[in-house]
Amino acid sequence: MKKLRSVKWLLLLLFLAVLWIACGSNKNTSNLSESQKEHYREMTQHTINLFHEKKSAEIRQNSTEELKKALTEKKCREIYSQLETNGSFETFLDYEISKIQENKQDFIVVAQRVKYSKNTLIYTISFNKDERLAGIFYR
């Protein structure tokens with residue numbers, strides 16, 4: 001139980017960091033075309049589906065080196081277990097896309113609402129300039 005609590009705190013801190021960066025940075029998405037926005041929406045939904053399907057190897061394969069180290073098999077099992085408490089997946093709802101810059105690196109951050117049978121979650125997923133998964137948070 002203590003480990004689950006520490007995982008939740010770690011994810012909360014990660015979310016707050018992304019939120020702080022997103023709120024304090026240039027959110028200029030006007031230079032993203034509609035097709036680029038659609039592309040990132042599809043990438044986000046594909047990533048969420050990988051978590052639903054428990055495809056840890058593919059998730060890590062699509063991630064940055066930093067995230068690969070953090071997403072151990074044990075950590076992935078904890079995430080899968082937490083996600084299962086929300087019931088079965090029903091549908092993707094609305095989403096928002098922001099382009100941010102941190103330490104001279106560009107990121108695309110997608111906030112995607114997802115409906116489950118018992119709950120609705122908001123995933124915040126970030127991709128680096130190479131379109132690799134750089135961060136994930138859900139609440």
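**View 1. Valine 109 faces serine 126 across a strand pair.** Look for valine 109, which stands opposite serine 126 in strand 3. This is a predicted model, where local features need pLDDT of at least 70, side-chain atom pairs count only at pLDDT 80 or more, and totals for chains, interfaces and linings use all residues. Residues are numbered from 1 along each chain as its sequence is written, and side-chain values use heavy atoms, leaving out hydrogens and water. Strand 2 (residues 105–116) runs antiparallel to strand 3, and nine bridges join them; strands are DSSP runs (E, at least two residues), numbered from the N terminus, and helices are runs of H or I with at least four. Two strands pair if DSSP finds at least two bridges between them. Three residues lie between these two strands in their hairpin.

**View 2. Strand 3 also has strand 4 as a partner.** Five bridges link strand 3 with strand 4 (residues 133–138) in the antiparallel sense. Follow threonine 124 to its bridge partner phenylalanine 137, then phenylalanine 127 to leucine 133. Four residues separate the strands of this hairpin, and in the turn glutamate 131 has a positive phi of about 60 degrees.

**View 3. Strand 3 is largely enclosed.** Seven of the nine residues of strand 3 (residues 120–128) are buried, so the rest of the structure largely encloses this strand. Buried means under 20% relative accessible area, exposed over 50%, and partly exposed in between (1.4 Å probe, protein chains only).
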